[in-house]
Amino acid sequence: MSTDALPSRSAGNAALAFLKKPLVVALILIVLLLAVGEWLSPGFASPGQILRLLIVAALLGIVAAGQNLVILGGREGIDLSVGGIVSLAAILAGNVMNGADGGILPAILVCVIVGALFGLINGVGVTLLRIPPLVMTLGMLGVLQGLLVVIRNGIPSGRAAPGLSDFVVQPFLLGLPGIIWLWLLIGLAMAFLLRRTVFGYRVYAIGSNEQAAFMAGMPVKTTRVALFMLSGVFAAIAGMCLLGYSGSSFANVGEQYMLPSIIAVVLGGTPLSGGKGGYTGTMAGAVLLVLLQSILTTVHIDEAGRQMVFGATLVALMLFYGRAKAMRG
Amino acid sequence: MSELIVRGARKAYGATVALSRGDLHLKPGEVHVLIGSNGSGKSTLCKIVAGSVKPDAGEVLLDGKPVTIDGPRAARALGIGIFYQELSLAARRTVAENILLPAMPVKGGIFVDRTELEERTARIIAEFQDVAGEGFAADVTVDRLRADQRQLVEIMKALASEAPILIFDEPTSALDRAQVDRFFEILRRLKQEGRAMVFISHRMDEIFSIGDRVTVIRDGATVASSAIAETNADEVIRQMVGEREALSAESKPPVPAAAGEPMLSVANLSGVGFRDVSFTVGKGEILGFGGLHGQGQSSVLRAIFGASAHHTGAIEVGGKACAARTPAEAIRNGIAYVSGDRGRDGTLTGRPILENVTPIHFLRNRLHLARPSVLTALVEGPLKALKTKFQDIGQPVNSLSGGNQQKVVIARWLIDRPSVLLLDDPTKGIDLAAKSDLFQLIRSLAAEGMGIVLYSSEDAELLANADRILVFNSGVVTRELQGEERTRYNLYHAAYEAA
């Protein structure tokens, strides 16, 4: 969507506007980080290593797709429960398939239904009960975490089917594993949904001015519920893929996705206030974050340190975009 | 005792002159009525005196000495208290705290003196206790009060300031008879104490029962000031209308269109802010809604459009019953609605022009896919018909001027034509050129057979464009003006008489 930039009069302005596009910024940063990584630790930017990074980015990117939709819908839309849904889906899928390829299809079905169900509850809470999304989905995260302990009784269980693991890590087409193709497919589907369907137009409309959207006859509440449901489904799909990636599930595997999924969306040019932006930027944002994470690991910064860096990144982004918005206004 | 004189006060907001020459001579021991039509500048004059608006020119004399009132605090120090039309209460605080908010009794420099607070507020509340109604007490928070009770709190707040000069900007709009009577008793007592009071009201009966003097403001200038005993309601209305009445072209009624079959029929519509409203709009007719601001005109239009669900009565569009609970249903039944508050109800801020024009087309054709190239071709016609100025269909709607933004919002109704068009003060805050484009379009839409309802807060606009006018007063239609009756005088007369 090139709706952010006004037609500029001079070529210099046009170039500047181009450089200010979040997607362009993200791509430049990706190249820069790859170079830094290679400099810090030779081999960082090798094809095999980049492929591994892309798989990890795909997992994050799929979660961020749902997050992106919820944030685009505006009214402080945010889904903090994605991490819980990722974990739940990983456990459910592991137990349903339990190492057998025949269980993959039932597992997909179970995961999609469970993800949609939790999304539905989030959506209903936010629209009909008028609970702020932040509070609603944070509460849901708490419920999910409790549920995980109950289901598992503290003991890890369930194994990924070989087919699923192959899909995530083994080359499938043109040397790329299935998950990368899935991610690209999701990217295309998201672009189509947002730019070529009436539903997509509605998402932007309610995100930019909910009251005006209502007065133009749009089903504001149904649309918002659908966004939360989609977020649940995307998180569940990511949970399944994560199981394939790691082979078995462990405690709270999905926890690591809550903050990064939000950062990827904002990095990609969708402001937290919603109503503008798109998924292409978010995809770049996901790659960028995974790169950053990897570099931090390379220089021996542990999980706690990475969390701090991510938190600070989000706050810095808010400052950056908040200021840009104030200048436009 | 204070005597207040305002001379030649002027205030402009950009190109809009809110007050061009405001004069006021307020004497101790009088209730001085200020009257003028919508947007004539009364409130601006009051705000200048209260220090919340800084005048561009003019002088204010207090007891003969020129003073500068550069803020509400300065006004209070000079002994000026004000009742604001837009209620300025702290919703989560109690009645007592709100009453003494401007001058909290303090002990020891920082602590609120609770005993003093209770004693002083008890005295003030006692004066209204028997007319305040259920649930009114010193320790109740303001957000739990009814509209009339909140207005009483606002009055008490002004009274508690014990200022020698008190300004009441429409203090009685929500009050019932008994509450108004009690308020007037208190005003009479204050008058005897020698205090000076400015009183703004749109109810002629109130003005003549409490006022001592009346000053008329028209188009931002003070035009007359006379003792109440020496004037009457007719003369006051004539002064508000001005000399233009006789010669102005604007009030010359347009050729009445032959009203065709009914497009919209409303019977006994009642809801929040209006009751028992009935009317019919014929094919090709422009029906005007007139009267003062907020007398139920907007609420009726929004109810028909399904934007507010709680109402009773029957609505028919083209002979078929249409009880729309949401705008979507109303739109499917062929109703269109354009709000004057386009920032709230109209524009999808930050989105391209294209996306701002398409929603109604999607809805009425039950579309699921959006093809930008097809849509662009589709929206160009309506945008051109409205003479909308823009560079690119993809530019954000908020990069346009106010008038052009409103045109974009209106264009969304022109791809698939509705049978009924509801215009809720559609020209609010837009430039003259855009206004004239708009009314040209409205007239041609009527000629094509649409039934149109036009509410306008600008009387001139209404008189120039409506074939027939319903005058609203306190939520009911008090008069219907047809043909030669459509004059400014008749409009004001119906708007200002007691409902």
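A salt bridge is counted where a side-chain nitrogen of Lys or Arg lies within 4 Å of a carboxyl oxygen of Asp or Glu. By this criterion, 0 salt bridges are found between chain B and chain A. The structure is a predicted model, in which local features need pLDDT of at least 70 and side-chain atom pairs count only at pLDDT 80 or more, while totals for chains, interfaces and linings use all residues. Residues are numbered from 1 along each chain as its sequence is written, and side-chain values use heavy atoms, with hydrogens and water left out.

The interface buries about 2,300 Å² between chain B and chain A, with 64% given by carbon and sulfur atoms; buried area is the accessible area (1.4 Å probe) that two parts lose on being put together, summed over both. Contact (heavy atoms within 4.5 Å) involves 35 residues from chain B and 26 residues from chain A. On the chain B side, the residues comprise 19 nonpolar, 10 polar and 6 charged, where Ala, Val, Leu, Ile, Met, Phe, Trp, Tyr, Cys and Pro count as nonpolar, Asp, Glu, Lys and Arg as charged, and the others, Gly among them, as polar.

Chain B contains 20 helices and 22 strands, assigned as DSSP runs (helices H or I, at least four residues; strands E, at least two) and numbered from the N terminus. Its C-alpha trace spans about 75 × 55 × 45 Å along the principal axes. Of the 499 residues in chain B, 55% are buried, the classes being buried under 20% relative accessible area, exposed over 50% and partly exposed in between (1.4 Å probe, protein chains only). Among contacts in chain B with a separation of 6 or more, 67% join residues 24 or more positions apart.

Over all chains, 29 salt bridges are found. In chain B, B:Glu127 pairs with B:Arg189 in a salt bridge, with the closest N and O atoms 2.8 Å apart. B:Glu127 lies in the loop between α4 (114-126) and α5 (129-132), and B:Arg189 in helix α7 (residues 177-192), so the pair ties together parts of chain B that are 62 residues apart in sequence. B:Glu127 is partly exposed at 27% relative accessible area, as is B:Arg189 at 37%. Both residues belong to a network of salt bridges that also includes B:Glu193 and B:Arg195.

In chain A, a salt bridge joins A:Arg306 and A:Glu303 (2.7 Å, N to O). Both residues lie in helix α14 (residues 303-328) of chain A, 3 residues apart, about one turn of the helix. A:Arg306 counts as buried at 14% relative accessibility, whereas A:Glu303, at 38%, counts as partly exposed.

Notes: Chains lettered and ligands numbered in written order.
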